[in-house]
Amino acid sequence: MSSLRPPLAIRMHPADNVAIIANDGGLPAGTVMPPGVAEGVVLRDKVPQGHKLALADLAAGQAVMRYNVPVGYARQDIPAGSWVHERLLDMPAARELQNLPMATVQPPVHEALNGFTFEGYVNADGSVGTRNLLAITTTVQCVAGVLKIAVERIERELLPLYPNVDGVVGLEHSYGCGVAIEAPGAEIPIRTLRHISLNPNFGGEVMVVSLGCEKLQPDRLLPPGSFPIQDIRDEGKGPDLVCLQDDEHVGFMSMIDDILAHAKPHLARLNARQRQTVPASALVVGVQCGGSDAFSGVTANPTVGFMADLVVRAGGTVMFSENTEVRDAVEQLTSRAATPEVAQAVVRELGWYDQYLDRGRVDRSANTTPGNKAGGLSNIAEKAMGSIIKSGTSAISSVLAPGEKLNAQQKGLVFAATPASDFICGTLQLAAGMNLHVFTTGRGTPYGLQACPVVKVATRTDLARRWHDLMDMNAGRIADGELSIEDAGWELFRLLLDVASGRKTWAEHWKLHNALVLFNPAPIT
Ligand code: CA
């Protein structure tokens, strides 16, 4: 491919002194860059695809600029035309969380976007599902094996009788017993589980399978008043519960039969629902990246950022997350906060997370993977600048702590503080109330969730070509010069409305999904 295309370098900002090599397979030493951002620069080294090329001579100690911010400092003199790899860079220090600009930037006022709709399932609390799923919540890992067999039987024997129900999800997890349930931080996994049970894609039907002797008792997981739709209908009797240690269970099959019997009324109510036309303001889109490369911040993440602005303009909600990937851009977050209180909440969450990392004697730089570096991302500062573009340009309207759930007033751009780990971030965004997930990847990941459609966006055409039946959109066309970021953003927005209306993603087609992985900063016993 590289021999067919002229050498191409992409610079993110006119003030940058490095550019990214776009060609598949990189470019060999001796390449003379044609007219464009690097015109006349002669490559001194082979520069791999996605890696940085020095556009000018860089003196030892000089800032290496990408996105018009320093992503590192030259460890030695680096002549123009060199491959600027991570071993040549010192990482910038993390910005302290004092004296930050608080709500100082007036974000551009975007025109409201009207007339866009999708076909969704309207819930009694006003939230809207993009899928119509029965979820069975669990209080403890001990019941996971039993639940798995019950779910298989529900799929085989009951779902054919309830054709409007899209599936059944066993909310299996590793929490519930052998944990210090009163310790600071334990409220995070507990409220995460509670709020996942209330995700809009589950239609307000709550059903719990418990063991009986576990620390996380059902009324602690779902106290009265915490699941309002069903609580009102069932006159506050507590969650619909199957307890495996109940005396009435004699033999394994009685447990399975009991779970199936409890599932039937929930399935009947879900089955009676129909999709109806709702405004795009009912979208709650969680955005995330994983398996990032240097193109993530050039193609896919800017596409997601443009889409995020469209969703916010349509009155919807976009959540961005991944603490360690926004930490280096904290000034951008606090300055873009809608109010000083929102900026304070950003500082509170990132400060708490600094301390959490400090307990493990690491810092945000523990984030980057070997794959990130092979893909051209030298360090977390560079990765963060490419990651935060996913949030678009809107003001940050509110902040959620890990495991918290959006309320009906929290619209617009929301910072949901989570670890960057793909499955933990996805799990916490489910708890926050996401009904649609957008995931960008450069290295490639088959990531999926059972509770919510995941739209995967490839950063490079090469990945989209090889993983043609795993990637839902190819943002690599931007680097190929075939598509503008704006057109790609619109294309993604329209794709989201289709998927929200029932169009299957590739992950759904193949039934690919990752486990729920709870964030538990508290001790286990
Ligand atoms: Ca991630």
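View 1. Buried means under 20% relative accessible area, exposed means over 50%, and partly exposed lies in between (1.4 Å probe, protein chains only). This is a predicted model: local features need pLDDT of at least 70, side-chain atom pairs count only at pLDDT 80 or more, and totals for chains, interfaces and linings use all residues. Residues are numbered from 1 along each chain as its sequence is written, and side-chain values use heavy atoms, with hydrogens and water left out. A475 sits in the loop between β21 (473-474) and α14 (476-479). Helices (H or I, at least four residues) and strands (E, at least two) are DSSP runs, numbered from the N terminus. Neighbours within four places in sequence aside, A475 is in contact with T299, A300, T303, V457, A458 and T459. Contact means heavy atoms within 4.5 Å. D16 lies 459 residues from A475 in sequence and 23 Å away in space, C-alpha to C-alpha.

**View 2. S292, in the loop between β15 and α6.** This loop joins β15 (284-289) to α6 (296-313). S292 has 3% relative accessibility, so S292 counts as buried. Its contacts, leaving aside neighbours within four places in sequence, are G371, N372, L377, K383, G442 and R443.

View 3. Helix α9 covers residues 340-359. Its 20 residues should span 28 Å at 1.5 Å a residue, and the end C-alpha atoms are 29 Å apart, which agrees. The expected span is 1.5 Å times one less than the number of residues. Buried positions in α9 include V342, A343, V346, L350 and Y353. Just after α9, R361 takes a positive phi of about 55 degrees.

**View 4. The protein chain around these sites.** The chain holds 16 helices and 21 strands. Of its 525 residues, 58% count as buried. A compact globule of 525 residues would have a radius of gyration near 24 Å; the chain has 24 Å, which agrees. That radius is taken over C-alpha atoms, and the globule rule is 2.2 Å times the number of residues to the power 0.38. Along its principal axes, the C-alpha trace spans about 80 × 45 × 45 Å. Among contacts between residues at least 6 apart in sequence, 72% join residues at least 24 apart.
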